[in-house]
Amino acid sequence: MSRTKKPPVAADEWQEAVNLTEIEKAYIAGFFDGEGTIGIAAVTRRPNGITKNGYRLYIVIGQVDGDFLHWLKAKYKGYLLLRPRRENHQPIWQWRLENRLARIFLTDIQPYLRLKAQQCALGLAFQQTKGLRKNRGVTGFTPEEWAFEEEVYTKMRELNHKGAA
């Protein structure tokens, strides 16, 4: 499995550098509607032996031919992996963005999404609340914030499970 390293700079430093035309954004949205996934993952971290639970917004696109995904990675950063497949199947490239990078990407393509419009709106609302809690850490969550994250996580699973997109 091949994996590229995490970007060395913060997401907001290159947000303006994406610089795509509206036609490119529409093309990406159409491609993403068919080949992409928007999700919220439950995550558990154990820094210094302390368990911290939370949720993370992510997007993934998979494709056998990685040229387009390499282009997207050059524009938006993120992770690009080459995953082996079962016997008689070609390996597949997967491009993944998380958290703020996923927000930047989804904000760019949101006006053009059709099949994943609900998941996009939900993911952006979720990530917006993350920005409001910046630097408070997991222990700074209120019970209402935990409830909201759990509700959004469950709703996203329902939207993705229904086959809506």
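I'll start with the chain as a whole and then go to one helix pair.

First, the caveats: this is a predicted model, where local features need pLDDT of at least 70, side-chain atom pairs count only at pLDDT 80 or more, and totals for chains, interfaces and linings use all residues. Residues are numbered from 1 along each chain as its sequence is written, and side-chain values use heavy atoms, with hydrogens and water left out.

So, the protein chain has six helices and five strands, and those are DSSP runs numbered from the N terminus, H or I with at least four residues for helices, E with at least two for strands. Along the sequence the pattern goes β-α-α-β-β-α-β-β-α-α-α.

Of the 165 residues, 39% are buried, meaning under 20% relative accessible area with a 1.4 Å probe, protein chains only. The chain exposes about 9,900 Å², and carbon and sulfur atoms supply 50% of that; the areas are Shrake-Rupley, 1.4 Å probe.

Now the pair. Helix 2, residues 22–35, packs on helix 3, residues 67–76, at about 125 degrees, with the axes 13 Å apart. Axes here are lines fitted to C-alpha atoms over the stretch in contact, and angles run from 0 to 180 degrees between N-to-C directions.

Who touches whom? On helix 2 we've got E24, Y27, I28 and F31, meeting F68, W71 and L72 on helix 3, with contact meaning heavy atoms within 4.5 Å.

Methods:
Buried < 20%, exposed > 50% of the residue type's maximum accessible area, 1.4 Å probe, protein only.
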